[in-house]
Amino acid sequence: MSDTMAAPVISARDMSLTFQTNDGPVHALKNVSLDIAKGEFVSFIGPSGCGKTTFLRVIADLEQPTSGTITVNGMSPEDARRARAYGYVFQAAGLYPWRTIAGNVKLPLEIMGFSRAEQEARVEKVLELVELSGFARKFPWQLSGGMQQRASIARALAFDADILLMDEPFGALDEIVRDRLNEQLLDLWARTEKTIGFVTHSIPEAVYLSTKIVVMSPRPGRITDVIDSPLPRTRPLEIRDSPEFIEIAHRVREGLRAGHLDE
Amino acid sequence: MALVALWYVAVVPMNAQWAQDQARRAGAELTLPALIADTMSQQRPRLPAPHQVAAELWNSTVVEEMTGRRGFMNTGSLSNRSLVYHGWVTLSATLLGFAIGSALGIALAVGIVHNRAMDASVMPWAIASQTIPILAIAPMIIVVLNAIGVTGLVPKAIISTYLSFFPVVVGMVKGLRAPDHMQLDLMKTYSASGGQVFAKLRWPSAMPYLFASLKVGIAAALVGAIVAELPTGAVAGLGARLLSGSYYGQTVQIWSALFAAAILAAGMVAVIGVIQRATLRRMGMAA
C-alpha cells in the first residue's frame with residue numbers, strides 16, 4: 001500500500017448513480033467509495049448490471065453521479081475530460097472504416113489540434129507501441145479483430161493522457177488472442193506507467209493484469225471487495241499456475257459469490 | 001431481350017384492327033404474313049414496333065443534327081426538331097433542380113439532426129409536400145411564377161427541386177444518425193465540438209446513404225422537369241415532345257421521347273454511380 005501515499009488519481013466518495021427508467025429507478029451504483037493511485041492497474045469485475053461499466057463511464061464524464069463526489073486528477077470528471085486526462089477504449093474497436101489505421105489513430109490528434117508533424121510522430125510512436133507499425137496504411141477491415149482492438153488502444157494512447165480507461169476491451173476476442181493481448185497490455189503499462197482502469201468479466205484476466213481488483217455486485221451496484229494483488233509487476237503468463245495467483249482468483253470468486261448470496 | 005420479343009408479339013393484335021379496316025376499305029383480303037408486316041410499319045400505330053421507335057430515335061437525334069436543314073451541322077445550333085435539343089432542355093432544368101434539391105435536402109437533414117425544433121417540425125411537412133400530386137401543383141407553380149415574371153428554366157427547376165429534395169432529406173437524416181452511441185461517446189471523450197463531430201463522424205458516415213438518395217433524387221428530378229414542361233404550352237423539352245406527340249397522334253414520337261427520358265435517367269444514375277464508387281473507394285469502403 002506504499003503507492004497510495006500520494007494523492008489518488010481517481011477518488012470516489014459515497015457516490016451513487018440512479019437511472020430513471022420506465023420500470024422505476026435502477027440503482028446502477030450505490031454509495032461507492034474508491035481511491036486509485038497513480039500507476040495502478042485496477043480491474044473492475046462483477047456480473048452484468050453491477051455498475052462496473054457505469055463506474056468507468058462516470059470517471060470519463062460519460063455519466064454523471066446522482067450523489068456523492070468523484071475527482072479525477074483532483075478535478076471534476078468534466079474538467080478532467082476537457083483537460084484530456086484520459087483515453088477510453090470501448091468493447092468494440094469502433095475504428096472508422098473510411099480511415100486507415102494511421103488515420104484512425106490520428107483522429108483524436110486532429111480534434112485536439114496537434115500540428116501535422118506532431119501528429120505523424122505520435123502516430124508512428126503509438127503504432128510501434130502496440131506492434132502495428134507495418135499496418136499504418138491498411139484499412140480496418142484488412143485487420144483481424146485483435147489487431148483492430150490494438151489499433152483502438154493506440155488511438156487512446158495517441159494524445160498521451162495519464163489515465164487509460166478500458167471497458168471490456170478484449171471481451172469479444174477468443175482466448176488465445178486475449179492471452180497475447182493481455183501480455184502486451186502489461187508490457188505497455190510497464191513502459192508507459194499509465195494508470196489503467198479495466199472492466200472485465202473474466203477472473204483470470206483481472207487477476208493476471210491487476211495491482212488492484214475491485215469486486216462488484218449488482219442490485220444495487222456496489223463494491224463488495226477490494227483486493228490488492230501481491231503479485232510482482234512483471235508477470236509471465238505462467239504466473240497463472242502459481243499458488244498465489246490461484247489464491248487471489250479464489251478470493252475474487254468468493255467475493256462474487258458473496259455478492260450473489262445477498263440477493 | 002424477352003421484353004423486346006414480348007413487345008413485338010403485342011404489336012400485332014394492337015395494330016391489327018387498323019390494318020384490317022384499311023384492307024376492307026380497299027376491298028382486299030389480308031394474308032397473315034401481310035397483316036403482320038403491316039402492323040409493324042404503320043404511320044400512326046397504336047403501339048409502335050421497337051424498330052420503329054429505334055429508327056425514330058436515330059432519325060430525330062443523329063440524322064436530324066447531321067443532315068437536317070436546321071440541324072447542328074448546317075446551322076451550328078441544335079435543331080428544335082431534334083431529341084438532342086429537347087433532351088438538353090429537359091436535362092438542364094433537371095440538373096439545376098437536382099442541384100438545388102440536393103443542397104436543400106442536405107441542409108434540411110443537417111437541421112433536423114442538430115436542432116430539436118426542426119426535428120419535430122420539418123419531417124411532417126416534407127412528407128405532406130410529397131402527398132400532393134405533382135401534376136396538380138406543377139401548373140400552379142408555373143403560372144404563379146410566370147405572373148411574377150419568372151419563366152424559362154427556373155420554374156421547371158423548382159418543380160424538379162420539389163420532387164428531388166425529399167429522398168435526399170430522408171436518406172441524409174438516416175445517414176447523419178448512422179453513428180452509434182459508442183462512436184458519439186468516443187467523440188465526447190475527445191471533447192470534440194459539434195462541428196468536429198459533424199465533419200469527422202456524421203458526414204463521412206452518411207456518404208453511402210447520400211449516394212443512394214441522390215440516385216433516387218435525380219430520377220425524381222427528371223420526372224419533375226418533364227411534368228413541368230407539360231403545362232408550358234409545349235414549347236421545348238421531352239415533356240413538350242410527349243404532349244405534341246399526343247396532340248397529333250404521333251405514337252412513335254411519344255415512345256421515342258419516353259425512351260430518350262429513360263436513357264437520360266439511366267445515364268444520370270450511372271454517372272452518380274461512378275462518382276459513388278470513386279468516392280467510397282477513396283474512403284476505403286469499396287462498395
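**Reading helix pairs**

Analyst: In this predicted model, α3(A) passes α5(A) in a right-handed crossing.

User: How is such a pair described, and at roughly what angle do the axes of helix α3 and helix α5 of chain A cross?

Analyst: Two packed helices are described by the angle between their axes and by the distance between those axes. Here the axes of helix α3 (residues 101-112) of chain A and helix α5 (residues 145-157) of chain A cross at roughly 30° and come within 7 Å. Because angles under 35 degrees count as roughly parallel, α3(A) is roughly parallel to α5(A).

User: Which residues of α3(A) and α5(A) meet?

Analyst: From α3(A) come Ile101(A), Asn104(A), Val105(A), Leu107(A) and Pro108(A), and these meet Ala151(A), Ala154(A) and Arg155(A) in α5(A). Sorted by class, the contact of α3(A) with α5(A) has 6 nonpolar, 1 polar and 1 charged residues.

User: How do helix α5 and helix α12 of chain B cross?

Analyst: The axes of helix α5 (residues 83-114) of chain B and helix α12 (residues 251-282) of chain B come within 11 Å, crossing at roughly 50°, and α5(B) and α12(B) are therefore oblique to each other. In handedness, α5(B) passes α12(B) in a right-handed crossing. On the α5(B) side the contact is made by Leu83(B), Gly87(B) and Leu91(B), and on the α12(B) side by Ser256(B), Ala257(B), Ala260(B) and Leu264(B).

User: What classes do the residues of the contact of α5(B) with α12(B) divide into?

Analyst: The residues of that contact of α5(B) with α12(B) comprise 5 nonpolar and 2 polar, with no charged.

Conventions. Residues are numbered from 1 along each chain as its sequence is written. Chains are lettered from A and ligands numbered from 1 in the order in which they are written. This is a predicted model: local features need pLDDT of at least 70, side-chain atom pairs count only at pLDDT 80 or more; totals for chains, interfaces and linings use all residues. Axes are lines fitted to C-alpha atoms, for helices over the stretch in contact, and angles run from 0 to 180 degrees between N-to-C directions. Helices (H or I, at least four residues) and strands (E, at least two) are DSSP runs, numbered from the N terminus. Angles under 35 degrees count as roughly parallel, over 145 as roughly antiparallel, 65 to 115 as roughly perpendicular and the rest as oblique. A crossing is left-handed if the near helix is turned anticlockwise from the far one by less than a right angle, and right-handed if clockwise. Two residues are in contact if their C-beta atoms, placed from the backbone, lie within 7 Å. Ala, Val, Leu, Ile, Met, Phe, Trp, Tyr, Cys and Pro count as nonpolar, Asp, Glu, Lys and Arg as charged, and the others, Gly among them, as polar.
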